[in-house]
Amino acid sequence: MQQQATETVDRSAMQVSDEVAIQITKMNKWFGSFHVLRDIDLTVHRGERIVIAGPSGSGKSTMIRCINRLEEHQAGKIVVDGTELGNDLKNIDKIRSEVGMVFQHFNLFPHLTILENCTLAPIWVRKVPKKEAEATAMHFLEKVKIPEQAHKYPGQLSGGQQQRVAIARSLCMKPRIMLFDEPTSALDPEMIKEVLDTMVSLAEEGMTMLCVTHEMGFAQAVANRVIFMDAGQIVEQNEPREFFNNPQHERTKLFLSQIL
Ligand code: ADP
Ligand code: MG
């Protein structure tokens, strides 16, 4: 368990506003006949930092992938920043432009430099002039503390550095919401902290974040809410202190007894 982040977190900018960033209502999803998500209800306010926990196979990845339509839901409603996610491609594009996602595997383009990885989508999708895209990329590479790597290729970087590039690359699209799916799970222990520190600094700047992670130290330090999923349902949610000290459901207690 990673506890390092705890002492240094500055919560002053981590205000949760009344504004709704994501509204999920009675959302259901099937893979063929397998009912993977059941009646998911979730309201995320701007500025929230939500950690999603739960056993493997409980539907955590599928749920957050539905939020930017990497997976399609079949029933219920998902509204992101006031735009409903359905088959309308314009809405999907709009939502994807506001929602950044970072995966367990960094998915950088191996044949492009770090800088090119960060400028590709801004230049080709957003039509940002190259010079401006490069300046933005350098800004975010500085933020994740690896500007000196800009002209290297992903294969020349450590896993932790590659994941920080993936975060910088997402930020170059200026998202209002960031989704993280186990961003530190593929990393060696000594690299976990540098990625968590990057996520902490994003939280300190008020980013709305949903993070699937097993890093309960991060959850305790940064999250305002922890959501526990099991078998395709949100079983329980609470602010971190209550969630860890006073879990209500047997399944949550069992899960916590296994990971803490
Ligand atoms: P978690 O992220 O909590 O480990 P997932 O959302 O990845 O869980 O998966 C939930 C369930 O859905 C698992 O049983 C998994 O095997 C199944 N699943 C995930 N993706 C697919 C898919 N593309 N097709 C069929 N089943 C899938
Ligand atoms: Mg997963």
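Before looking at any helix pair, I noted that axes are lines fitted to C-alpha atoms, for helices over the stretch in contact, and that angles run from 0 to 180 degrees between N-to-C directions. I took helices (H or I, at least four residues) and strands (E, at least two) as DSSP runs, numbered from the N terminus.

Entry 1, the source. This is a predicted model, in which local features need pLDDT of at least 70 and side-chain atom pairs count only at pLDDT 80 or more, while totals for chains, interfaces and linings use all residues. Residues are numbered from 1 along each chain as its sequence is written, chains are lettered from A and ligands numbered from 1 in the order in which they are written, and side-chain values use heavy atoms, without hydrogens and water.

I started with α3 (residues 114-124) and α5, and found an angle of about 30° with the axes 8 Å apart.

Next I looked at α5 with α6 (residues 189-204): their axes are 8 Å apart, at an angle of about 20°. These two are therefore roughly parallel as well, and their crossing is right-handed.

Then came α4 (residues 130-143) against α5 (residues 159-171), with about 140° between the axes and 9 Å separating them. This pair is therefore oblique, and α4 passes α5 in a right-handed crossing.

Which residues are around ligand 1? I listed Phe 31, Phe 34, Val 36, Pro 55, Ser 56, Gly 57, Ser 58, Gly 59, Lys 60, Ser 61 and Thr 62 (each with a heavy atom within 4 Å). By type, that shell has 4 nonpolar, 6 polar and 1 charged, with Gly counted as polar. α1 gives the most to the shell, with 3 residues.

I then checked contacts to oxygen atoms of ligand 1. A backbone N or O atom of Gly 57 lies 2.7 Å from one, and a polar side-chain atom of Ser 61 lies 2.8 Å from one.

Definitions and conventions
Polar contact = N/O pair within 3.5 Å; in protein donor to acceptor, adjacent residues only side chain to side chain. Parallel < 35°, antiparallel > 145°, perpendicular 65-115°, else oblique. Left-handed = near helix turned anticlockwise from the far one by under 90°.
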